[in-house]
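User: I would like to learn how to read the features of a protein model. Please take me through this one, step by step.

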Amino acid sequence: MKKIFIAFLLIIGISLVSCAQSGKGVVFKTITMEEAQALAAKENKLIFIDVYTTWCPPCKYMTENIFSLKEVGEYFNGNFVNVKFDAERGEGISVAKNYQVTAYPTFLILDTNGKEVGRIIGRKDAEEIIKTAEEIRKQK
């Protein structure tokens, strides 16, 4: 009985991972800035960075209600290497300092050398963040 239960949990877990990776929402990679730059160069994409804090309600809203949307995921996953950095922890501290982030959330768009080509600040709806990111991407 124990083996059946474990097998059942394994099947459920695999199903959940498959659903999560099936194009729903923005996929934020857990990588360093250096790795993001290398991946962006390899994939010929810009870098989209969500600079957030854990105490920020608009940051949580964006994660839960905007970046989880299929259409937002399709746009950002297709055009950017997406990463998130907590401005108060780890490498996020230097990212926030280097790019002079003073409001949260701040979304940075960088080229493969780490040069900022645009930024979006604050809570946005899906249409607005896609439209603004596309305008920045086209200017590059």
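Predicted model: local features only at pLDDT ≥ 70, side-chain atom pairs only at ≥ 80, totals over all residues.

Analyst: Happy to! Residues are numbered from 1 along each chain as its sequence is written, and side-chain values use heavy atoms, with hydrogens and water left out.

User: Which way do β1 and β2 run, and how many bridges join them?

Analyst: Strands are DSSP runs of E with at least two residues, helices are runs of H or I with at least four, and both are numbered from the N terminus. Two strands pair if DSSP finds at least two bridges between them. Here β1 and β2 run parallel, joined by seven bridges. Strand β1 (residues 46-52) also has an antiparallel partner in β3, with five bridges between them; there, I49 has L108 as its bridge partner.

User: Are the residues of β3 buried or exposed?

Analyst: Buried means under 20% relative accessible area, exposed over 50%, and partly exposed in between, with a 1.4 Å probe and protein chains only. Five of the five residues of β3 (residues 106-110) are buried, so this strand is largely enclosed by the rest of the structure. In a regular strand, side chains alternate between the two faces of the sheet. In β3 both faces are covered: T106, L108 and L110 are buried on one side, F107 and I109 on the other. Strand β2 (residues 80-86) is mostly covered as well, with six of its seven residues buried.

User: How should I read the helices, and which residues of α3 are buried?

Analyst: An α-helix has 3.6 residues a turn, so residues three or four places apart point the same way. In α3, the buried residues are C59, M62 and I66. Seen down the helix axis, they fall within an arc of 90° (taken from the directions from the axis to the C-beta atoms), so they line one face of α3. P57 and E64 are exposed on the other side. The cover over the buried residues, by contact (heavy atoms within 4.5 Å), includes β1, α4, β3 and α6 (126-139).

User: How many aromatic pairs are there?

Analyst: Rings of Phe, Tyr and Trp (its six-membered ring) pair if their centres lie within 6.5 Å; planes under 30 degrees apart are stacked, over 60 edge-to-face, and the rest tilted. That rule gives twelve aromatic pairs. For F48 and F67, the ring centres are 6.0 Å apart and the planes at 75°, so this pair is edge-to-face. The pair links distant parts of the chain, as F48 is in β1 and F67 is in the loop between α3 (57-66) and α4 (70-79), 19 residues apart. F67 also pairs edge-to-face with F76, at 6.4 Å centre to centre and 85° between the planes. F67 has 3% relative accessibility and F76 has 0%, which counts as buried. One aromatic cluster holds F28, F48, F67, Y75, F76, F80 and F107.

User: Which residues touch the most other members of the largest nonpolar core?

Analyst: A nonpolar core is a set of buried Ala, Val, Leu, Ile, Met, Phe, Trp, Tyr and Cys residues joined through side-chain atoms within 4.5 Å. The largest has 19 residues, and F48, F67, V72, F76, F80 and I129 touch the most other members. Helix α6 gives the most to this core, with five residues. A second, separate core of 17 residues includes M33, V51, V83 and V101.
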